[in-house]
Structure formats: structure tokens, C-alpha cells
Amino acid sequence: MLVVIRGAGDIASGIALRLYRAGMELVLTDLPVPTAVRRTVCFSEAIRLGETQVEGVTARLAHTPDEAMELVKRGVIPVLADPEGRCIPALRPDGVVDAILAKKNLGTHMDMAPVVVAVGPGFTAGVDCHGAVETMRGHTLGRVLYTGSPIPNTGVPGNIGGYTVERVLRAPAQGVFRPCLDIGAQVKAGEVAATVGGVPMVCAIDGCLRGLLQDGIQVSAGMKCGDIDPRCKPEHCLCASDKALAVGGGVLEALLHFTAKREG
């Protein structure tokens, strides 16, 4: 089963790990300049670096659909800089997963593939996708919706270690992002994690710096640029999160459900 995943950030990468380990063939797409924060667990880094690994699974930059399929044959996950999904008609996948997490639909529709699964708010099962997967932390995280829509975006990050908005680092201004620390660093409240146009981006809580944008990227004021994990476990920086894997399990269920339904 060939599946195209739109998006290659941390949630999309957790989904990719689930599907890859279940034996599916994958092609991922993302922005030419990815904006994922948890870069150590994002296959989008293949666009920037040419190749990356997440939990021992290798992804590599591909420039064309044909090149992507050559990598698939070699057991490597190809990542295309193709945010519009132009590769999809050429690849003719069995499934398409929208894991862009834009909180709205950026062009995904049910005619893209025999099975189309969307992740997070902005989609309605049976209207613009066959199934939608809940991304809100809590009792319904990872649940597949066969009718209706995921919970709308609240603007409040999920609770981790007792913190919500405090754990997210946002750009204090518009400008060029310059990190002062590395992902995995232990930080204290008040410490400067990065600067944006020379303006300090200050940590609000103690913890482990779980995510941080790459050096030199242009950001807008208020844009998410980093993530602090108050649980202070550096090893968490190198593996997919519980949320990403839960959502990945829901995507796997939906793909298999609708494929079996079609074949039955």
C-alpha cells in the first residue's frame, strides 16, 4: 500500500513511523523551508539536510516522483519539497494523509486517492476526507471519526507536566531566528533560548528544550519557535511523542478500515 503523507513535522513523522513499521510504502511532502520545531524527530529535516533518521528509520530528500519511488524500493522514506501535493497525481497512491496540521484544509479532497485521511481540525469526515483523526489531547486523542469533525483548535497547547502555554516558545518579534542553545539543553526560567532580530526569546519555565527552529529562518511575531518539556528528560528529544504515535495509530486504523471496505 502506497501512502502519501502531506506534512513531515513531528505528528506527521509519528504517523509515518506507525505506517512504515506496519509495512506500508510512504512518500512525505513538506515546505521547501520546513518550520517544524521538534526537528530531531521530524522527517522534514531531510529537505534541509538531504538525509535524516528518526528512531532508526531513514528519510532522504527526493526531487521528483520517480526519484521518490526509487527510494521507496530501497526501504528509504522519500521527502519531497512539495507543499501543494503536485506529486500525488503522478504517484497515484492508495491513500493520502493530510498531516499538515494547519487547523484548516489547504486543498485536500476525497478524490486525491481511494482513501483520504485527515488529521486534526478543519476537516469533516465524509465531506473532504473519508476519515478524520482527533489530535486534541485527552480521552479522544487518536480516535478515528467516520462522521463529523475533530475538536476545533482552542489555541491552548496540551497540558504536559502541568504546563500549557508556558511551555511553548514564540517569536518576540519579526525577523531572523538565531538559536542560542541546542535541542536537548536543560533550561531555566528567564534563560534566553534564541533571538529574533536581536530581541531575546526567553524561557518561561524550567525544563528540557525539546524543540527549536533552525538557524537563519525568517519568522513572524508570535510564531511558534520552540518547545520546553518540563519533565526534563533529554531522551524524549530523540523519539516520537505519545501524541504522535496515538494519532499514527488512528491513521493506520482508518487506512486499513477503508481499504478493507473497498476490497470487501
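**A hairpin, a pocket and some cysteines**

Author: This is a predicted model. Let's begin at the hairpin of β3 and β4, where 2 residues sit between the strands and Glu55 takes a positive phi near 50 degrees.

Reader: Nice. How many bridges join β3 to β4, and which way do they run?
Author: There are 4 bridges between β3 (residues 51-54) and β4, and the two strands run antiparallel. One of the pairs is Val54, whose bridge partner in β4 is Val57.

Reader: Is β4 mostly covered or mostly exposed?
Author: Mostly covered: of the 6 residues in β4 (residues 57-62), 5 are buried.

Reader: And what does β4 do with β5?
Author: β4 pairs with β5 (residues 77-81) in the parallel sense, over 4 bridges. To get from β4 to β5 the chain passes through helix α3 (residues 65-73), making a right-handed β-α-β crossover. Across that pairing, Ala62 stands opposite Leu80 in β5.

Reader: Switching topic: what's the volume of the largest pocket?
Author: About 1,300 Å³. Its lining has 45 residues, and the closest to the pocket centre are Asp10, Ile100, Leu101, Lys103 and Lys224.

Reader: Which elements supply at least two residues of that lining?
Author: α1 (10-21), β2 (25-30), β10 (168-170) and β17 (224-229) each do. The largest share is from α1, with 3 residues.

Reader: How does the lining divide by residue type?
Author: It has 21 nonpolar, 11 polar and 13 charged residues.

Reader: Okay, cysteines. How many disulfides does the structure hold?
Author: It holds 0.

Reader: Last one: in what order do the strands of the open sheet with β14 come?
Author: The order is β14-β13-β11-β16, 4 strands with antiparallel pairing. At the edges are β14 (199-202) and β16 (218-219), each pairing on one side only.

Reader: How many bridges join β11 to β16?
Author: 2 bridges join β11 (residues 175-179) to β16. Along that pairing, Val176 stands opposite Gln218 in β16.

Technical notes: Residues are numbered from 1 along each chain as its sequence is written. This is a predicted model: local features need pLDDT of at least 70, side-chain atom pairs count only at pLDDT 80 or more; totals for chains, interfaces and linings use all residues. Side-chain values use heavy atoms; hydrogens and water are left out. On a 1 Å grid over the protein atoms alone, a cavity is a set of points where a 1.4 Å probe fits but cannot get out, and a pocket is an open set with protein on both sides within 12 Å along at least five of seven lines; lining residues have an atom within 4 Å of a point. Grid points are joined across faces, edges and corners, and a volume is the space filled by probe spheres set on the points. Ala, Val, Leu, Ile, Met, Phe, Trp, Tyr, Cys and Pro count as nonpolar, Asp, Glu, Lys and Arg as charged, and the others, Gly among them, as polar. A disulfide is a pair of cysteine sulfur atoms within 2.5 Å. Two strands pair if DSSP finds at least two bridges between them. Buried means under 20% relative accessible area, exposed over 50%, partly exposed in between (1.4 Å probe, protein chains only). A crossover is right-handed if, with the strands pointing away from the viewer, the path from the first strand over the helix to the second runs clockwise.
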